[in-house]
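Colleague: I would like to learn how to read a few features of a model like this one. Could you take me through them, beginning with a polar side chain?

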Amino acid sequence: MSTDGTIHARGIRKSFGSKSVLQNIDLDVASGEVCCIIGPSGSGKSTLLRCINGLETVDSGVLKVNGENFGYYETDTAYHALSKKKLAEQRTRVGMVFQQFNLFPNMTAQENVMSGPVLVKGHDKKKAAVRAYELLASVGLSGHGHKYPAQLSGGQQQRVAIARSLAMDPEIMLFDEPTSALDPEKVGEVLAVMKDLAKKGMTMVVVTHEMGFAREVSDSLLFMDEGYVIERGDARDVLGSPKERRTQAFLEKVL
Amino acid sequence: MGSVDAALKPRLRLRTPSEYAGWVLSILVGIGILVSVLTNPNFKWGIVGKYFFAESILRGLMLTIFLTVASMALGTLLGLALAVMRASHVKPVSIAAGLYITLFRGTPVLVQLIFWFNISALYPNLRIGIPFTDIGTAVDMNAIMGPITAALVGLTLNQAAYMAEIIRGGFSAVGKGQIEAADSLGMSGSMKMRKVIIPQAMPSIIPATGNQFIGMFKETSLVSVLGVAELLQSAQLIYARTYETIPLLIVASLWYLVMTLLLSYPQSQLEKRYSRATSTLPRKAKRVALTEPEGAAR
Ligand SMILES: Nc1ncnc2c1ncn2[C@@H]1O[C@H](COP(=O)(O)OP(=O)(O)O)[C@@H](O)[C@H]1O
Ligand SMILES: [Mg+2]
């Protein structure tokens with residue numbers, strides 16, 4: 001069975017100094033599945049996501065992404081950090097969408113989308129431009145390619161950011177509160193793009209406060225608090241009839 | 001009441017007595033200085049005119065310009081290297097750059113210049129080669145460290161420390177999110193530097209570098225103590241002969257002033273242009289964007 005587009009984590013721990021941020025996290029995401037993570041601010045959701053694409057390294061535990069040990073290679077006695085080049089290669093297979101979009105302001109929307117294929121993969125510029133054009137069209141932004149990020153609305157910028165990640169042909173897409181920085185009326189257009197992506201079978205891990213989206217799209221849902229996964233299961237079950245007290249308290253507050 | 005429509009009456013600014021006093025005082029002082037400058041025969045304006053375009057003065061000016069351009073160019077390159085080193089994750093490399101910057105910014109340039117001029121007292125022979133082997137050649141330090149070389153080395157090494165701080169400041173103004181976005185795309189360190197960090201750091205680095213350039217133009221006058229015949233020293237050489245000290249200092253000062261004013265216009269343009277750019281709006285639609293490449297027809 002192919003392990004492309006899968007995430008497998010066992011007993012992940014991560015601390016910053018003396019502060020434990022992730023405590024014994026298990027996570028399994030199958031290919032084509034959408035996993036949503038909810039939880040109060042500071043519970044470690046971003047950190048978990050950032051570990052999955054190497055913006056942070058885990059302290060201990062097993063982390064396999066696309067079937068490979070992520071960021072490390074395993075010997076009988078230890079995990080050894082991969083070279084920067086190998087790590088970069090693994091990263092190109094995992095797309096990341098940030099709360100603040102993080103588009104490159106010195107590049108147009110199209111150049112942003114082309115940046116990965118051209119600068120990292122060394123693809124032909126003309127072909128990458130054609131592909132970028134198609135990707136921008138697929139997120140509803142044909143005709144906006146020549147604009148700079150500062151000339152686009154938040155919702156448009158976030159859709160460019162999604163296209164930029166997709167240009168690398170990742171097997172997995174990670175979203176860290178992709179709609180939290182948006183004006184309320186712009187949230188829908190970004191969620192629509194994400195739903196579309198889920199329908200096409202992309203493996204996705206989404207940190208979000210959009211419970212409607214979680215209920216509709218996700219195959220599994222995790223509730224995290226203080227570095228622990230408190231509750232997990234089918235999204236409708238967890239959101240509809242949470243078993244744990246902390247989950248109930250959190251949902252009462254946000255719903 | 002009045003004949004003017006109340007809605008159209010102008011609103012007058014409050015003028016305080018101190019405002020009038022400021023005007024009167026400034027004008028009086030200005031006139032006083034002007035009269036003195038024009039009537040005091042010791043200024044010897046005729047002599048100023050006579051030497052303003054003198055050949056040795058112009059040669060000095062050329063050397064001043066050369067020292068400015070060369071030490072700025074070399075200092076900026078070295079400063080860039082230092083800034084990259086300072087940001088390194090390898091602690092000893094970062095600390096070494098930090099020590100360099102502290103040392104060269106913490107001591108007077110004049111002292112540094114004299115130090116480099118006398119470096120042969122410390123290292124009479126400079127050996128270029130592989131340490132602990134016989135491979136390489138020795139060079140007589142006295143022979144290579146003449147006044148102009150010492151001036152260039154001193155100004156460059158000092159400038160590098162200041163440029164390193166300017167460049168580092170520009171780098172740190174680039175948001176963490178930008179670097180994370182580049183990382184998550186799998187960009188290598190040098191690619192990130194060239195395509196993401198440097199383009200975004202330039203708006204703050206370039207105007208500051210312009211200021212350094214103007215500053216350096218005046219700073220070069222310090223190397224006159226090494227006997228380098230730049231602008232100031234050229235003037236000094238003349239008045240040592242003719243005792244026309246004041247007029248020749250005026251000649252040198254006027255040249256410094258002219259050059260500074262000439263540079264201040266492009267500098268203000270740079271500042272204007274890049275203060276707009278820091279608002280992250282594109283400077284202009286410079287590149288012809290490949291918006292609809294052939295083959296993408298719908
Ligand atoms: N680089 C870091 N250094 C130190 N502490 C951090 C760092 N990143 C996150 N933290 C801490 O880890 C905890 C979890 O953060 P985060 O994963 O961002 O939570 P969430 O995304 O759920 O709001 C927070 O208490 C935060 O302060
Ligand atoms: Mg977060």
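Modeller: In this predicted model, the backbone oxygen of Asn102(A) lies 2.9 Å from a polar atom of the Arg164(A) side chain, and Arg164(A) itself belongs to helix H5 of chain A, which spans residues 154–166.

Colleague: How should I read the two faces of a strand, and which residues of S11(A) lie on each side?

Modeller: In a regular strand, side chains alternate between the two faces of the sheet. In S11(A), Ser220(A), Leu222(A) and Met224(A) lie on one side, with Leu221(A), Phe223(A) and Asp225(A) on the other, and all of them are buried. Because six of the six residues of this strand, 220–225, are buried, S11(A) is largely enclosed by the rest of the structure.

Colleague: Which strands pair with S11(A), and in what direction do they run?

Modeller: Strand S3 of chain A (residues 34–38) runs parallel to S11(A) and is joined to it by four bridges, with Ile37(A) partnered by Leu222(A). Strand S12 of chain A (residues 228–233) runs antiparallel to S11(A) through five bridges, and here Leu221(A) is partnered by Gly233(A). S11(A) and S12(A) form a hairpin with two residues between them, where Glu226(A) in the turn has a positive phi of about 50°.

Methods: Residues are numbered from 1 along each chain as its sequence is written. Chains are lettered from A and ligands numbered from 1 in the order in which they are written. This is a predicted model: local features need pLDDT of at least 70, side-chain atom pairs count only at pLDDT 80 or more; totals for chains, interfaces and linings use all residues. Side-chain values use heavy atoms; hydrogens and water are left out. Buried means under 20% relative accessible area, exposed over 50%, partly exposed in between (1.4 Å probe, protein chains only). Two strands pair if DSSP finds at least two bridges between them. A polar contact is a pair of N or O atoms within 3.5 Å; within protein, one must be able to donate a hydrogen and the other to accept it, and residues adjacent in sequence count only if both atoms are side-chain atoms.
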